[in-house]
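Notes for a colleague follow, as numbered points. Please read them with the model open.

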Amino acid sequence: MNLWGVVDPRLLDVLFASALGVLLFSRVNERRTLWLLRGYLFLVALAWFVQRFENLPLTSKLVDALVLACSLSLAILWQGELRRLMELLGTGRLAVLLGNPQNELRATASTVAQLTEAAGRLSQSRRGALVVVDMGSDLRPEDFLNPGVLIDAQLSSELLLNLFASDTPLHDGAVLVKGNRIVSAGVILPLSRQGISRYGTRHLAALGITERFDRCICVVVSEETGTLSLASQGRLERPITSSRLQDLLKELIASSSGAAATKGASSPVKASAVATQASSRLSVSSSSEEPLP
């Protein structure tokens, strides 16, 4: 049966274009990025409109050249986001792409309590630690330089303290947490290229993974000073207290759950904006700060 004979091709064209537009806007979290995307789509629409008139060849060429230049500029400007999009498409993580995380990936109040308690005790004893909390990115072994050792245990502050004990072989790597379970330990994360001279390895690893996956956060404890830090969407806030860490974790986890719930009842852009309000509270530290391990 020929589908084109039953459905109007123009209707399918509009549906596919609308679906692509919704997908693009659902991945936009920052207002400036949204403005850039709107401007680019306006130029594309203008180019299509001008090409409809055969008596405007010069204007058509100029608009096409402008669209090409803007496409190259946006490809450079959004290289991180485009890479993330291609990775999600290539690995088939459509639920993550559509902003609908699985239930087992959603952290709870118990997750916040256990992480805060463990981070506070690690900070007091100045034991370095790096905890990755997956809030919907569906992180997989291929997303890391080294997937580490499978743990698959119930999350608890005592287990985190044992994993980051200085005399254990896994304390130098990161611990991956999904929901209320510790998935793996000794995980080696990709490093960020920003702030190489200002941050230590743990902080660069936290920035690196949160740059690539916007639905995960990292809790960092400095081994040298015991300073607590929190990374989200490639931004780092430090130093913070245990109470501040607890408040930030509650806001980020609540916004992640609220975004998923909002997505089913309203537009994807509004759902993304909920998560952005919480993550925007994180600020990058000034360049005058000393490097931390």
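1. β5 (216–221) and β6 (228–232) form a hairpin with six residues between them. In the turn, G226 has a positive phi of about 75 degrees. Strands here are DSSP E runs of at least two residues, helices are H or I runs of at least four, and both are numbered from the N terminus. β5 and β6 run antiparallel, joined by five bridges. V221 stands opposite L228 in β6. Two strands count as paired if DSSP finds at least two bridges between them.

2. This is a predicted model, in which local features need pLDDT of at least 70 and side-chain atom pairs count only at pLDDT 80 or more, while totals for chains, interfaces and linings use all residues. Residues are numbered from 1 along each chain as its sequence is written, and side-chain values use heavy atoms, with hydrogens and water left out.

3. β6 also forms a hairpin with β7, with two residues between the strands. Q233 in that turn has a positive phi of about 55 degrees. β7 covers residues 235–240 and pairs with β6 in the antiparallel sense over four bridges. A231 stands opposite L236 in β7.

4. How many residues of β6 are buried? Five of the five are, so β6 is largely enclosed by the rest of the structure. Buried means under 20% relative accessible area, exposed over 50%, and partly exposed in between (1.4 Å probe, protein chains only). L228, L230 and S232 point one way from β6, and S229 and A231 the other way. In a regular strand, side chains alternate between the two faces of the sheet.

5. β1 (129–134) is mostly covered too: six of its six residues are buried. A129, V131 and V133 point one way, whereas L130, V132 and D134 point the other. Six bridges join β1 to β5, antiparallel, with V132 opposite C218. Four bridges join β1 to β3, parallel, with D134 opposite K178.

6. The largest nonpolar core has 30 residues. Such a core is a set of buried Ala, Val, Leu, Ile, Met, Phe, Trp, Tyr and Cys residues joined through side-chain atoms within 4.5 Å. L160, V175, L230, L245 and L249 have the most contacts inside the largest core. Elements supplying at least two of its residues include β1, β5, β6 and α10 (242–265). Apart from it lies another core, of 20 residues, among them L139, F213, C218 and L236.

7. What does L160 touch? Its contacts (heavy atoms within 4.5 Å) are Q114, L115, A118, L155, V175 and I182, not counting residues up to four places away in sequence.

8. A search of the whole structure finds three cavities of 30 Å³ or more. A cavity is a set of points on a 1 Å grid over the protein atoms alone where a 1.4 Å probe fits but cannot get out; lining residues have an atom within 4 Å of a point. Volume is the space filled by probe spheres set on the points, which are joined across faces, edges and corners.

9. The second largest cavity has a volume of about 50 Å³. α7 (109–124) gives the most to its lining, with four residues. β1 and β5 each supply at least two. L160 is also one of the lining residues. By class, the lining has nine nonpolar, no polar and no charged residues. Nonpolar here means Ala, Val, Leu, Ile, Met, Phe, Trp, Tyr, Cys and Pro; Asp, Glu, Lys and Arg are charged, and the others, Gly among them, polar.

Terms used
On a 1 Å grid over the protein atoms alone, a cavity is a set of points where a 1.4 Å probe fits but cannot get out, and a pocket is an open set with protein on both sides within 12 Å along at least five of seven lines; lining residues have an atom within 4 Å of a point.
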